[in-house]
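Dear colleague,

I am passing on the structure we talked about, and below it you will find my notes on what turned up. Please read them with the structure open beside you.

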Amino acid sequence: MGDIGYSPVGKGVRNRRKRRKQSTGLARYDQDGFPEKRLFRDKIAGQLGAPIDGWVPEVIYRYAALTPEWLVVDWAIMIDVYRVEADGEVTRRRVERIDICHSEIHVHVFRQSDDPGDDQGRKTVLTSISAGDEVIVSRAYDEQLALLFADWQLRVERWIDG
């Protein structure tokens, strides 16, 4: 399948077309098709670092791992920001979401200037996935989580500048 890494600062843009897999007639990847009794599900949230321009960055990720193999077969990784207004109200915004659905691994990128109600942003397909691609999906989860932790600050700054 090749590299499916995403970099918000250029590398991903020039390689996007190479990573896209054309329709092969293979069965679609169905992240909801695994027996629930074999899935371990978790959702984790935590602050990423100090506030940037008044916004507190946080990471939220959820996953479902197929047991006993411990392959992550369904997942989403999000960067959100929030700030507490003078009146005590909390304003929360999306920065980025990397997830799988519709037989794709893709990223949704948002900008501060976007409509706060937009939950799709600018979508970029990283790769197509098919039935039987559980190892690829699990590996992509590990890769994307590592990339996010390595450059989350750049992603938040891009959102602020947008």
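In which strand is the place of His-108? In this model, which is predicted, His-108 belongs to strand S5, made up of residues 104-109. With a relative accessibility of 2%, His-108 counts as buried, and a polar atom of its side chain lies 2.8 Å from the backbone oxygen of Gln-120. Leaving aside neighbours within four places in sequence, His-108 is in contact with several residues, among them Glu-96, Gln-120 and Lys-123.

Two of these contacts lead on to the salt bridges, of which a search of the whole structure finds 11. Lys-123 forms a salt bridge with Glu-104, where the closest N and O atoms are 3.2 Å apart; this pair links distant parts of the chain, since Lys-123 is in strand S6 (residues 122-128) and Glu-104 in strand S5, 19 residues apart. Lys-123 is partly exposed at 40% relative accessibility, whereas Glu-104 is buried at 18%. Glu-96, for its part, is linked with Asp-151, Arg-155 and Arg-158 in a network of salt bridges.

A further salt bridge joins Asp-74 and Arg-62, with 3.5 Å between the closest N and O atoms. Because Asp-74 lies in strand S3 (residues 71-84) and Arg-62 in strand S2 (residues 56-66), the pair ties together parts that are 12 residues apart in sequence. Asp-74 is buried, at 8% relative accessible area, while Arg-62 is partly exposed at 31%.

Lastly, the side chains of Arg-41 and Glu-36 meet in a salt bridge at 2.8 Å, N to O; here Arg-41 is partly exposed at 42% and Glu-36 is exposed at 51%.

How values were computed. Residues are numbered from 1 along each chain as its sequence is written. This is a predicted model: local features need pLDDT of at least 70, side-chain atom pairs count only at pLDDT 80 or more; totals for chains, interfaces and linings use all residues. Side-chain values use heavy atoms; hydrogens and water are left out. Helices (H or I, at least four residues) and strands (E, at least two) are DSSP runs, numbered from the N terminus. Buried means under 20% relative accessible area, exposed over 50%, partly exposed in between (1.4 Å probe, protein chains only). A polar contact is a pair of N or O atoms within 3.5 Å; within protein, one must be able to donate a hydrogen and the other to accept it, and residues adjacent in sequence count only if both atoms are side-chain atoms. Contact means heavy atoms within 4.5 Å. A salt bridge is a side-chain nitrogen of Lys or Arg within 4 Å of a carboxyl oxygen of Asp or Glu.
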